[in-house]
Structure formats: structure tokens, C-alpha cells
Amino acid sequence: MPVIHRSTYPGPPRYLFNGHLQTVIPSVFRKIKGVAYERERLTLSDGDFVDLDWLDTGSKKLVVLTHGLEGDSHRHYVKGTAKLFAQHGWDVLAWNCRSCSGEMNRAFRLYNHGETGDIAEVINHALRTKHYENVSLVGYSMGGNISLKYVGIRKNDLPDVVRGVAAFSAPTNLKTSAQLLDLPQNRLYRERFKKKLLKKITEKNRLYPNRIDLTKLKDVKVWKDFDDYFSAPVNGYRDADDFYEQASAAHFIENVSIPVLICNAQNDPILNADCAPKALAEKNPSIFVETPTEGGHVGFMVANDEFSWAERRALEFLTYSTLYTIL
């Protein structure tokens with residue numbers, strides 16, 4: 001029963017004494033030096049593009065990193081993971097979801113928590129061009145959900161070199177995550193996401209006139225309204241409920257056969273226990289669920305360490321999961 005009841009996370013530095021500080025301070029102030037990506041533009045099957053950032057060490061092992069909502073490959077948690085894995089002999093592919101690399105994508109649609117076609121094309125491209133023997137995935141927040149759903153829905157046609165997934169702060173149940181954004185104490189996160197997404201949606205409206213009804217902004221009272229009026233239609237879902245149902249990774253990973261780690265802090269401001277599916281872990285020995293008491297959302301900082309605990313935990317888990325799948 002791979003529910004991990006005693007997490008190895010030692011806890012944050014003393015000055016990060018609650019989940020909000022553990023979330024915000026690393027996001028604003030943490031800097032990772034010494035990561036020099038090589039960028040490649042990948043044209044997707046529908047004519048759109050995503051930008052890939054590589055660290056090429058000449059390895060036969062590749063880790064694919066997926067960022068969170070309105071993040072990119074230069075976020076501290078992506079660069080920290082990239083640097084750590086490269087130091088331990090892995091190639092790194094940190095990809096940017098559509099519209100997230102500094103240039104608006106071409107298609108009407110953007111990216112979303114449930115889109116797995118793009119990561120599939122990214123992985124297939126890496127396998128065509130560099131012939132890896134081991135591919136592992138690390139995702140943070142939205143990127144964790146995408147990575148988990150990808151291996152969940154492709155159980156029967158997953159490339160055999162894909163060996164494991166480590167997901168941190170992953171909103172595997174989007175409905176409850178959306179509800180948490182409406183809490184007064186989460187206004188900072190809600191307004192930040194809304195501001196950034198509205199900028200992109202407004203640009204889509206300029207490029208594709210009459211396909212988005214921006215007058216609906218006045219009717220947005222809760223986050224579900226925003227998803228109903230904007231997120232869902234832009235990304236091809238019927239409405240917010242359809243989006244939440246189709247995008248939530250917890251609905252698709254029940255039968256995964258490679259090791260996956262889902263690690264969410266108990267004091268994460270925008271996730272709750274519904275996003276840490278312990279019932280699935282009790283039924284499937286390939287699903288590991290770890291819920292440290294602290295860590296915030298994509299925080300998991302440790303005193304006097306360049307790397308976060310999540311980054312070191314990802315390396316540890318995926319190193320051992322590689323041995324597990326080979327055996």
C-alpha cells in the first residue's frame with residue numbers, strides 16, 4: 001500500500017511559518033544560477049508551436065519538465081529541477097506550454113490542465129531525435145496534472161521507455177481546486193492567475209474577433225464563472241464542469257502501471273485532500289501518495305540548500321523507479 005505516511009520533508013526554514021509564505025517567498029525571491037538552456041521550436045501536428053529548452057549532457061536518460069499555470073521553463077522550480085538532474089547525468093527537456101514562452105501561439109486555443117496531446121508530441125519528438133533509453137517526467141502544479149493524465153490515458157500505448165512520473169502540488173481534482181481559489185485568503189493567487197490569463201484571452205479576441213464574449217467579464221463572480229465563460233470555450237470544453245471532469249488527472253490514473261509519485265503539502269493554500277488520491281494508492285501499487293505537513297504550493301524549501309526538497313525527492317524517486325521498471 002504505497003501511501004507514504006511519514007514524509008521525508010524536514011520542513012521549511014523557520015521564517016516560512018505558514019503555507020502562504022512557503023508558497024510566495026520562493027516564487028518571488030528564489031533564483032537559480034548556472035542554467036543555460038538551448039532552445040528549440042517544435043512545430044506541432046496542428047501547425048502551432050511550443051518552445052523546448054534543453055540541457056544536453058549526452059545522456060541516455062531524459063527528464064521532461066512541465067511548468068505550472070502561467071509559468072514557463074524559467075520558473076525557479078523548473079530551473080532548480082533542471083540543474084539538479086543535469087548534475088546527476090540526465091538530459092533535461094523543459095518545455096513551455098502554448099503561449100508560455102514569451103510569444104503568443106498561433107492557434108485560437110491556449111493550453112490547459114487536461115491537454116496531453118502536446119506533451120505526447122514533445123516526448124515523441126525527443127525519442128525520434130535523441131534515442132533515449134529512459135524518459136521520466138516531473139511536473140509542478142498544472143504540469144503535474146498534465147504529466148499524470150498523460151501516462152494515465154496512454155496506459156496501452158505509452159512508449160516503453162517512459163519509466164516514471166513525479167508530480168508536486170498537482171491539482172488532480174480541478175473542481176475542488178477552483179473552489180479553493182474563491183476563498184478570501186486566496187485572493188492573491190486568484191487575481192494573479194486572472195490578470196495573466198485575461199491578457200492572453202484579450203489577445204486571442206483581437207486575433208480571432210467575435211469568438212470570445214469579453215462582456216461576460218462583468219458576470220464573473222467566482223472562479224468557476226471565469227472557467228465557464230473563458231477557459232472552457234477557448235480550450236474546446238463545453239463548460240467549466242466538462243473542463244473539470246475531462247482535465248482532472250485523478251479520473252485517469254487508476255490503472256497506471258509505471259511508478260508515479262503524487263506529493264501535495266497538507267498546508268497547500270489552493271489544494272485539498274481531494275487532490276491527493278490515497279484511495280487510488282491503496283488499490284494500485286504503482287501510485288505513491290506523499291502528503292508532507294508543510295511545503296505550501298510548489299514551495300518545499302529547505303534551509304541552507306540550493307535545491308528544494310521536491311527537486312531532490314523527484315530525483316530520488318525517479319532514480320529508483322527506473323530500476324523498478326527495468327526489473
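Q: Where does V298 lie in the chain?
A: V298 sits in the loop that runs between β9 (287-290) and α10 (309-326), where helices (H or I, at least four residues) and strands (E, at least two) are DSSP runs numbered from the N terminus. This is a predicted model, in which local features need pLDDT of at least 70 and side-chain atom pairs count only at pLDDT 80 or more, while totals for chains, interfaces and linings use all residues. Residues are numbered from 1 along each chain as its sequence is written, and side-chain values use heavy atoms, with hydrogens and water left out.

Q: And what is phi of V298 like?
A: Phi of V298 is near 55°, a positive value in a residue that is not glycine.

Q: Buried or exposed, that V298?
A: V298 counts as buried because its relative accessibility is 9%, buried being under 20% relative accessible area, exposed over 50% and partly exposed in between, with a 1.4 Å probe and protein chains only.

Q: What about H131, where is that one?
A: H131 lies in the loop between α3 (117-130) and β6 (134-140), and its phi is also positive, about 55°, although H131 is not a glycine. H131 has 53% relative accessibility, so it counts as exposed, whereas V298 counts as buried.

Q: Switching to α7, how does its length compare with what it should span?
A: Helix α7 covers residues 223-234, and its 12 residues should span 16 Å at 1.5 Å a residue, which agrees with the 15 Å between its end C-alpha atoms; the expected span is 1.5 Å times one less than the number of residues.

Q: Which residues of α7 are buried, and what covers them?
A: The buried residues of α7 are W223, D225, F226, D227, F230, S231, A232 and V234. Their cover includes α5 (174-181), α6 and α8 (240-247).

Q: What follows α7?
A: G236 follows α7, and its phi is positive, near 85°.

Q: How many cavities turn up in the whole structure?
A: A search of the whole structure finds 2 cavities of 30 Å³ or more, a cavity being a set of points on a 1 Å grid over the protein atoms alone where a 1.4 Å probe fits but cannot get out. The largest cavity has a volume of about 360 Å³, and a volume is the space filled by probe spheres set on the points, which are joined across faces, edges and corners.

Q: Which residues are closest to the centre of the largest cavity?
A: Among the 26 residues that line the largest cavity, those closest to its centre are L69, H113, L174, W223 and F243, where a lining residue has an atom within 4 Å of a point. W223 is also one of the buried residues of α7.

Q: Which element gives the most to that lining?
A: The helix α7 gives the most to the lining of the largest cavity, with 5 residues. The elements that give two or more residues to this lining are α5, α6, α7 and α8.

Q: And the second largest cavity, what lines it?
A: The second largest cavity holds about 40 Å³ of space, and its lining is made up of W95, C97, R98, Y111, N112, E115, D118 and I146.

Q: Last one: which helix is G144 in, and what is it in contact with?
A: G144 belongs to helix α4 (residues 142-153), and it counts as buried because its relative accessibility is 0%. Leaving aside neighbours within four places in sequence, G144 is in contact (heavy atoms within 4.5 Å) with G139, A167 and A170.

Terms used:
1 Å grid on protein atoms, 1.4 Å probe; cavity = no way out; pocket = protein on both sides within 12 Å on 5 of 7 lines; lining within 4 Å.
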